[in-house]
Amino acid sequence: MKTKPLSRIPRYSTSLILMSGMALSTLAQQPDFPILKNNGVPEGPPAEVLPQNPIAHLQIQNLYGVIQSLEKLAKAAAPQKALPPQIGGLLNLESPVLAILGMRMQRDPFTIEEVGDQFGLDPQGTISVSLYLGDPRRFFVISLPLANPAAISAMIQHGLRPEVFEEIPLGQKTAIRLRLPQGAPIQHDLYIVCSDRQAYVCGDRSLALQIQNLPEDKRLNGDAMMGPVLNVVSNGDLSLTINTSGVSPLLTPLKMLRNVPKEAFKQQRAVLLSQMPAQQREMIEKQVKMQFKVRNLDEFADYVESFAFATYDELFDLLTESSGVCDGVSLALDVDASFPSAAFYLHSDRFDPEKSDSAISIDEVRRALSVIPGRVESISVSGKQPLLKRSEVLGSWLERVNTQLAERGLTQPVIKGLQEFHNQKKLAQPIEAKADWILSTRAVVNPLPAIEDAESLMAYGAALQSEFRGPIFRKINVIPNQDVTFLEQTFREAFEAETGNEALFFEKVIRQPKREGFFSKVNRLFTDSEPKGVTRLTVEKAYITRSGFFGYNQHELINRKILLAKNSDGFLVYHQATQDDQWLTGMDSMKKQSMSPAMEKLLNQLPAGVNSICLNRVLQEFPKALKWLEGLEGLIHKDFERYLKQVKAIAATTEDLKAAEVRIRELETPPLVFSLNRDPETSEIYGLAPGFISFPRNRILPLVNKVFASYKADSDKVGGGIGYSKTHPGTLEVKYIQSTEGITSLIRNVGNSVFEQLLGSQEQQMKLMSAIRNPRDFSSKTKKEIIVRNPVWEFIPLQGSFNRAPRAQAVPKAYSAPSPKAPIPPRSPEATSNQIDLSAYYNASLKDVWHEGGLPGNHLREFPEGLPNLGDIVFDARGIIQLNGQGPMQATHVRFPETVNGILINQTASHIHFLHATGWNSPEGTRIGSYVVHFENGSTETIPIVYGEHVRDWWTPSEMGGQPEVVWKGHNEATRDDFVHVYKSSWNNPSADQVIKSIDYHSSMEVSAPYLIGITVD
């Protein structure tokens, strides 16, 4: 196993590691403190040991399992090809967390057993925190899984440094008494009692005694509420349960005070009426007698009191009853690497599977999905709801009002009539209470025109306008074991109930027959047959006047809903109509696809007996959206290219710029052309888009879509989330499960593709930069080069469009001066004058990442410093002379020199050998620099540096062969599995008898930036 990368992990000085080190050193000596041991506590998990009736219980199971799931998730998402070697190597280990912890403490990765030995706690055990009724600072128990009692004892002693840490008698057994130092959050005594595998830290002595001595039926798993709850949530990695059943006893004193507000109300009424001045009372009494038809003010107060007391009693009972309904709530989290979930549980004896929504057959749902054409990715399913019932709250309130009125000898026909109407009205059962279950999804009923078929942006907009026939998507409903008559019958029953209830209301409440008013309300239902077995149902609620105006006999106001329905393979499929109703008519002929693998995986996560389902997948639509954006970008480019071609054709026919402008203005200008520009120096014609983005330019979206291609291939198989509800006896479960496979696949595939296709080499980076950037973009110079401006964009000002703040004005890029960061080694005493001393000219060390701002880890640290023999030539190689070029200008933060003059030679030579390379590549045959040789007699010779003949990019694969001569290759962190190379080239001196005084080193400022490591003459 390679540990070298791990040795570079930053040092994290954690208190955990410090305490562990103290514990280890202490264990080597005879301890002077008590060691945790079995104090007679029963063995078993905390639920079998803790006392009953906690008000809250938090439990974490297998902490190491949670860490492993998170590690697995990180490994699945990691784009390995784009990661630095240190991180990539770390993720390749079985457990990165144990590796990091072990390397910091013992220079070798930990095993899970060693973690328990070192820290004393079992990372695969159960941790819990329980709160009991009382002061939360005292009435708590923390349960910790033990692996090495001696180690945890040492950590307590030397890590916490308690004031008291001693063994004491506790009843007939023993315990550890612990008092934390001054300033700790807890200042009272703590008591620790243990079994062989579990330690219980108790905030109060009584809790420790209970843990040791309680009979089995008084422990937590025997709790009437908490026992069953823990069985339900036990599968969660983390669960929290709050016991609200203890609230019910607290309501008893509240119920005893029920009549206090009513007595106070009566007293205030008596005082208010007795103290009211006679004249004011007489005036108010006249008003209420006239408006409310009462005999006097006292009778009016009786009515107010009756309604107020009935409402108060109803709200009081509703509040107290609902407070006692819920026994508790739970939250459970499952940190699974592929399908993590969160579940919410509501516990009450009122939850009964027989009285809730009916269970859904998952197999039937799968069969229903096969009926719908296309690929369905989002659904909601609900089981049959219980039959609709009359409101118990409203009925109870009406009964209370009548009772209060009767107690005061009052009658109110309207209230009596409302009660009779409420008890006798017809209830029309909705579809949800009649169907076995209902599945709803979305289907594309009006697809958009294909953007790739459009000739221009204007043409595409016109196609959208002409072909837009309503919503793109429509909600589709599927019901099993029903046909079209089911819908018709449901609507007719609703109409019948509405008509009957309206007549009943007039009879019981208004107490007179319904009269014809200015308008009549009519419910209507029409059914019509459509092609391909489709039925059109038209549901109308019409308001018809008895007479008309403006020469008309009647007027109608119609609210209409149109449904299209069809029977298909034992299912009723229906949706609300659109203006073009081709979807359902052509459903049988449309292509049907099997369920996506990702959706099948999500459905497989459901347990049996669920009452509702909600499934959604979103990420698979991302590549489709990018593809549409690529088409949109293509239309924009097509518009610009066509327009510029027309403009250039006009410009080619005349030299009169003004005359050309007149003809240009007659052209149809594409909507996204902001202006037409001309470069005065080159006479090049170009365009600007809004935002001062110049055209022509490279397209970006094809590069982006290419990056997402690998994810698109997987998108059908992964991703999505599913939620469900399920009623258990005494518990309502609501759970959401998320598939992480989609997001991890997206991060992994896109990250790897970005590195492989866009950022893996300097050439790719330069290509990406050239695609994204155009030198004219956002340049204030372009404003001065406008010759024709699109009137559509006249509202965009030319002044102040850039550089809104003075500090944002064209600030040159900040470059740093090059200099060696690592020290240059001294020249070897064995070096001769043949090996030219370049010490005075080095601007980088071989150990530096000297292209600052470029790729991290890009250096020559493996290069043999000193006097290496490379290509049969010995060089003095201790540093680098880097020259500038367009590559480093764009990609780095260092401004290298374009020329280094006066490299001293001062000797004759027949040959000059150069050890060199270049950063960034150029086309083969490009002259990227030169060496100018100065002779003592004043003559010069120029030695060109030609890309592909003398040097290449130091990242260029050696498999290319041919010139230039590779004399060394090695690795660095940036190259990963590839090599970097250094080349040798030699020059035959035609003036071998002349003394060479010096050599100048020049860059031609092409993309490639040459660098020199050594010069040797002979």
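The following legends describe close-up views of a predicted model.

**View 1. The largest pocket and the residues around its centre.** The largest pocket of the predicted model has a volume of about 1,400 Å³. Its lining comprises 43 residues, of which R375, V444, F473, E621 and K624 are the closest to the centre of the pocket. Two or more residues of this lining come from each of strand 12 (437–444) and helix 20 (622–652), and helix 20 gives the most, with 10 residues.

View 2. The four strands follow one another in the order 21-20-19-24, with antiparallel pairing. Because strand 21 (693–695) and strand 24 (786–789) stand at the edges and each have a single partner strand, one side of each is left without a neighbour in the sheet. On average, and with direction ignored, neighbouring strands of this sheet are turned by 30° against each other. At one end of the order, strand 20 (residues 685–689) pairs with strand 21 in the antiparallel sense over three bridges, and F695 in strand 21 is the bridge partner of G687.

**View 3. Helices packed on the sheet.** Helix 20, which also contributes to the lining of the largest pocket, packs on the sheet and touches strand 19 (675–678), strand 20 and strand 21, its direction making about 145° with that of strand 20. Helix 21 (residues 657–665) likewise packs on the sheet, where its contacts are with strand 19 and strand 24, and its direction makes about 25° with that of strand 24.

Notes. Residues are numbered from 1 along each chain as its sequence is written. This is a predicted model: local features need pLDDT of at least 70, side-chain atom pairs count only at pLDDT 80 or more; totals for chains, interfaces and linings use all residues. Side-chain values use heavy atoms; hydrogens and water are left out. On a 1 Å grid over the protein atoms alone, a cavity is a set of points where a 1.4 Å probe fits but cannot get out, and a pocket is an open set with protein on both sides within 12 Å along at least five of seven lines; lining residues have an atom within 4 Å of a point. Grid points are joined across faces, edges and corners, and a volume is the space filled by probe spheres set on the points. Two strands pair if DSSP finds at least two bridges between them. Axes are lines fitted to C-alpha atoms, for helices over the stretch in contact, and angles run from 0 to 180 degrees between N-to-C directions. Contact means heavy atoms within 4.5 Å.
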